[in-house]
Amino acid sequence: MQLDVDIKGKSFDSAAGKRHDVLDQIAFTLNEGEVAVMFGPSGCGKSTLLKILAGLDRNYQGRVVRPISARLGMVFQEPRLLPWRSVEDNVRLAAPNVADDTLSTLFEVLELGAHRSHFPGELSLGLARRVALARAFAVEPDFLILDEPLASLDNALAGRLRDQIAALVANRTMMTLLVTHDLDEAVRLGDRLLFLSPRPARILHVETIATPRAARSEQEIEALKSRLSRLDLANM
Amino acid sequence: MLRLLSFALFIATWWIASLLIGDAKLPPPPVVLAAMMAEAKSGALFLNLGATLARVALAFTLAMALGSAIGYLMGRVRLANRLGDPWLILLLNLPALVVIVLAYIWAGLTEVAAIFAIAINKLPTAVVTLREGARALDPALDEMATVFAFSRGRAFRHVVLPQLAPYIAAAARSGLSLVWKIVLVAELLGRPNGVGFEIGVAFQLFDIPLLLAYSLSFAAVVLVIETLLVQPFETRLSRWRLRAA
């Protein structure tokens, strides 16, 4: 199972009638078991790209080939939970066939066990994010999209949640696409890093990390980070 | 407790007013109560209240069902809105009396004409409210439902309907009060029973105790339905909001 992306361009007309180019040429493939990380400045069109990949936006040039049978799981930038359904119902509505013990394990890993019957309005942002993660993993996806899952959380919490995501991703063979603008997160979670330009977005640089995710040492991660942060992306 | 106190205050004010104005124009509470008991004993009170309630229930259900469906469609589909809007404005501003009189002229003094006329009066307000609700639906949640492959029924029940619930409750609340008012006019003009008909009779005979007996019984029924049916329903719909506060 693999995802073939070959986008030639995407633009939209603003309310004032002006044409805005959001995406330039973007082509890559994503294989099973692989975690690709989109890394780029805010507002460069990452979310637009994700919408296209998730099949929410079909109005673009080029093509995206996704296996029809592939189950999609997605964590949006905002949790997007149904405020009028409990935490457990939110997950079960998205994943009606989820087994009870799968769900229990998931809630345990994400430390949500005590919040099953709470409504989303009663949760902090960190907890709501975890519910959104639980929902995405509960569908047992073949293609997982994570749109800045750790944004606006404090460092300690983000670190813990990042480790939980790493554990969940390692547990299942699927195509994973993570969007972030945090280099540390990118280097720790990704196998292949796609560096995007400012709008209209195109791929500036691809960095493949050979060492498996679980085997990376702190030293290696630091070395990668300092090398990547020295990349002169503006002039590529 | 506070409710009882406010009710007692109402009775006291009424009694004092009747002493000041005189029995002929405003009979005191015991006289009205006696008239109410007499009507209740003969069974006429329950028959008429029942007839009115049945008309309210039918017209309300019809108008809510039709109005919600049309309103949702107009809020979601631009073409439907463009086509329906002039009709909506016309219906919104058409006086209730015109609709009732025309319905009786065209369809005869029948039950169908009465219920249809009452429903037509309520319909446009339900449409307007539900249209606003459908326009306010959150596209972010629609996307979520698409990504997680919600079926149409599941998305409607768990994503769309809860967002429309406050609008449906508002339409029901305002619609019910409108129907309570209009049903009496429709009965006065062309039905042989019901609270409106009895009030018409009492007016012609200048029987003020009878008039008040029917008005107050009707008001009591409205009050009971509002507190026992409408309010608990609204509380239930918004329980996730209450707990979040």
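**Figure 1. Both faces of strand β4 of chain A are covered.** On one side Val35(A), Val37(A) and Phe39(A) are buried, and on the other Ala36(A) and Met38(A) are buried. The strand spans residues 35-39, and five of its five residues are buried. A residue is buried if 20 or more other C-beta atoms lie within 10 Å of its own, exposed if 12 or fewer, and partly exposed in between, with C-beta atoms placed from the backbone. In a regular strand the side chains alternate between the two faces of the sheet. The model is predicted; local features need pLDDT of at least 70 and side-chain atom pairs count only at pLDDT 80 or more, whereas totals for chains, interfaces and linings use all residues. Residues are numbered from 1 along each chain as its sequence is written, and chains are lettered from A and ligands numbered from 1 in the order in which they are written.

**Figure 2. An open sheet of six strands in chain A has mixed pairing.** The strand order is β6-β7-β8-β4-β9-β10. Strands β6 (72-75) and β10 (203-208) of chain A stand at the edges; each has a single partner strand, so one side of each is left without a neighbour in the sheet. From one strand to the next, the twist averages 15°. Here, axes are lines fitted to C-alpha atoms, for helices over the stretch in contact, and angles run from 0 to 180 degrees between N-to-C directions. Strands (E, at least two residues) and helices (H or I, at least four residues) are DSSP runs, numbered from the N terminus. Two strands pair if DSSP finds at least two bridges between them.

**Figure 3. Strand β4 of chain A is joined by bridges to β8(A) and to β9(A).** Five bridges link β4(A) to β8(A) (residues 175-180), and these two strands run parallel. Within β8(A), Leu177(A) is the bridge partner of Ala36(A), and Leu178(A) is that of Val37(A). Four bridges link β4(A) to β9(A) (residues 192-196), also in parallel. Phe195(A) of β9(A) stands opposite Phe39(A).

**Figure 4. Thr180(A) is a buried residue of strand β8 of chain A.** Thr180(A) counts as buried because 23 other C-beta atoms lie within 10 Å. Leaving aside neighbours within four places in sequence, the contacts of Thr180(A) are Val37(A), Phe39(A), Glu148(A), Glu185(A) and Ala186(A). Two residues are in contact if their C-beta atoms, placed from the backbone, lie within 7 Å. Thr180(A) and Pro41(A) are 139 residues apart along the chain, and their C-alpha atoms are separated by 9.0 Å.

**Figure 5. Chain B contains 11 helices and zero strands, and part of chain B contacts chain A.** The C-alpha atoms of chain B fill a box of roughly 70 × 50 × 30 Å along the principal axes. Of its 245 residues, 33% count as buried. In the interface, 14 residues of chain B are in contact with 17 residues of chain A. The elements of chain B that give two or more residues to this side are α7 (139-147), α8 (152-190) and α11 (239-244). The most comes from α7(B), with six residues. By class, the side of chain B that touches chain A has nine nonpolar, two polar and three charged residues. Ala, Val, Leu, Ile, Met, Phe, Trp, Tyr, Cys and Pro count as nonpolar, Asp, Glu, Lys and Arg as charged, and the others, Gly among them, as polar.
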